[in-house]
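Here are a few exercises to work through with the structure at hand. Try each task before you read its solution.

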Amino acid sequence: MAQQIHIVEDDVAFGKMLTSFLERKGFNVSVSLSGENARKIISENKFDLLITDLKLPDDSGLDLLEFSQKNSPNTKVILMTGYAEVDTAVKAIKKGALDYISKPFRPEELLMIIEADSQNTESSEEPVSETVEPKQPASQPTSEKPKFVIGISEASKKFNEYLKLVGPTDMCVLIQGESGTGKEVAAKAIHNYSSRKDKNFVAVDCGAIPKEIAASEFFGHVKGSFTGAVNDKKGHFEAADGGTLFLDEVGNLSYENQIQLLRALQERRIKPVGSNTEIEVDVRILSATNEDLLKAVSEGKFREDLYHRLNEFSIHIPSLHERKEDLFLFIEYFLNEANKSLGKEVIGLSKEVKEAFKNYAWPGNLRELKNVIKRSVLLTNSRLIPLEVIPREVLFAENTKKETVDFSKESNEKQLILNALKEADFNKTKAAKLLNITRKTLYNKLEHYQIDL
């Protein structure tokens, strides 16, 4: 069934353009020109996605976000605006917005956000470093171990052996590696190798959860337990009961949240916020980080007992640069994926692009490769991807390597963020890419360090 999307946009022409584009992609779309009309329609209908302008003549996108959460809690919200203010973006994401996109933007950028969320919701398979998993409908549980296209590099083969080795156990696994190497997909592969494969796999981005609401997100809450708790909510632990809970960017949890998590792991019981009743849960924990947790332990930022609880077995995902032999396996996979998504028939890379790709260090790993391929396919009007559609940083590999060294250091984080913002001309999406973190994580760090743009 096609997703139901409601757009709130007072610019009639822009609203029609978005509607026409999304309808061609198979979505059912309706439009409101004012906040008042949108509130009425949201109250009377159920939508999968609400896309609203931040500045409306009679309303605010943030207020509509709150209204939607109260009246249609299952509706996801994307805010769009020409007023790209960092504090507003942080507020929107902390209040539960799916994402934030700044005008002017191309409809294809919006489609990428929608598709990325759909893939996460359905737990679609993507290649795990050396492996490529075929997509399966979310409603069909995996009845056998997932099939992989094994990479030809030694690092990839060793990594895949570790996945097969630890998958059938019930051990807590800490997945370590650079940003963009596919840690969530590795966790999903471990889940699919286990006896829990027919149960839920729940992925949580710890870096995107404000510490004030982390307890509610992990353990749930009861109606009326705090302002805004208009319904009972099931937390991630209860949702993953019998299955696997994946904690991405686990190093970003506050010390208080670490204590709460440790207790839940030790007791195998949780207590929803505002409840007097404990709930027993049977959950396997997989976690991931691109930080040095041992260093965080030594600095007192991460609890040592929690570290050992999470790290019963550790797996390191090799970077794409470490297994260049597998590069064109992933290019082929992402090329096919981009063609299906964008309705294109690009069959490969030109000779010049192949050379550029081989010479590039790929500091953003698989995530960067996927984005570059999709962008290139979008801009290509021929059978082969030409050199002129390739991003500038890929073509100047030596400069890129220097930037990577500068932005990958863990010390002086605030200055690194400022350097990245300046290098990206204060474009937050590009800055996040330079820093190898998600845009949501960047917003949280901007607020944490009180960086006012």
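**Exercise 1.** Find out whether the crossing of H2 and H3 is left-handed or right-handed, and describe how the two helices meet.

*Solution.*
- Start with the handedness: H2 and H3 cross in a right-handed way. A crossing is right-handed if the near helix is turned clockwise from the far one by less than a right angle, and left-handed if anticlockwise.
- Next, take the axes: those of helix H2 (residues 35-44) and helix H3 (residues 61-71) come within 10 Å and cross at roughly 15 degrees. Axes are lines fitted to C-alpha atoms, for helices over the stretch in contact, with angles from 0 to 180 degrees between N-to-C directions.
- So H2 is roughly parallel to H3 (angles under 35 degrees count as roughly parallel).
- Finally, look at who touches whom: Gly35, Ala38, Arg39, Ile42 and Ser43 of H2 meet Asp63, Leu64, Phe67, Ser68 and Asn71 of H3. Contact means heavy atoms within 4.5 Å.

Two notes before you go on. This is a predicted model, in which local features need pLDDT of at least 70 and side-chain atom pairs count only at pLDDT 80 or more, while totals for chains, interfaces and linings use all residues. Residues are numbered from 1 along each chain as its sequence is written, and side-chain values use heavy atoms, leaving out hydrogens and water.

**Exercise 2.** Work out the order of the strands in the open sheet, and which strands stand at its edges.

*Solution.*
- Helices (H or I, at least four residues) and strands (E, at least two) are DSSP runs, numbered from the N terminus. Two strands pair if DSSP finds at least two bridges between them.
- The order is E2-E1-E3-E4-E5, with 5 strands and parallel pairing.
- Strand E2 (28-32) and strand E5 (99-102) are at the edges; each has a single partner strand, so one side of each lacks a neighbour in the sheet.
- Now zoom in on one pairing: strand E4 (residues 76-81) is joined to E5 by 4 bridges, and Ile78 stands opposite Asp99 in E5.

**Exercise 3.** Describe the ring pair of Phe219 and Phe237.

*Solution.*
- Rings of Phe, Tyr and Trp (its six-membered ring) pair if their centres lie within 6.5 Å; planes under 30 degrees apart count as stacked, over 60 as edge-to-face and the rest as tilted.
- Here the centres are 5.6 Å apart and the planes at 40 degrees, so the pair is tilted.
- Phe219 lies in helix H8 (residues 214-219) and Phe237 in helix H9 (residues 236-239).
- Phe219 is buried at 7% relative accessible area (buried means under 20%, with a 1.4 Å probe and protein chains only), and Phe237 is buried at 1%.

Key. Buried means under 20% relative accessible area, exposed over 50%, partly exposed in between (1.4 Å probe, protein chains only). Angles under 35 degrees count as roughly parallel, over 145 as roughly antiparallel, 65 to 115 as roughly perpendicular and the rest as oblique.
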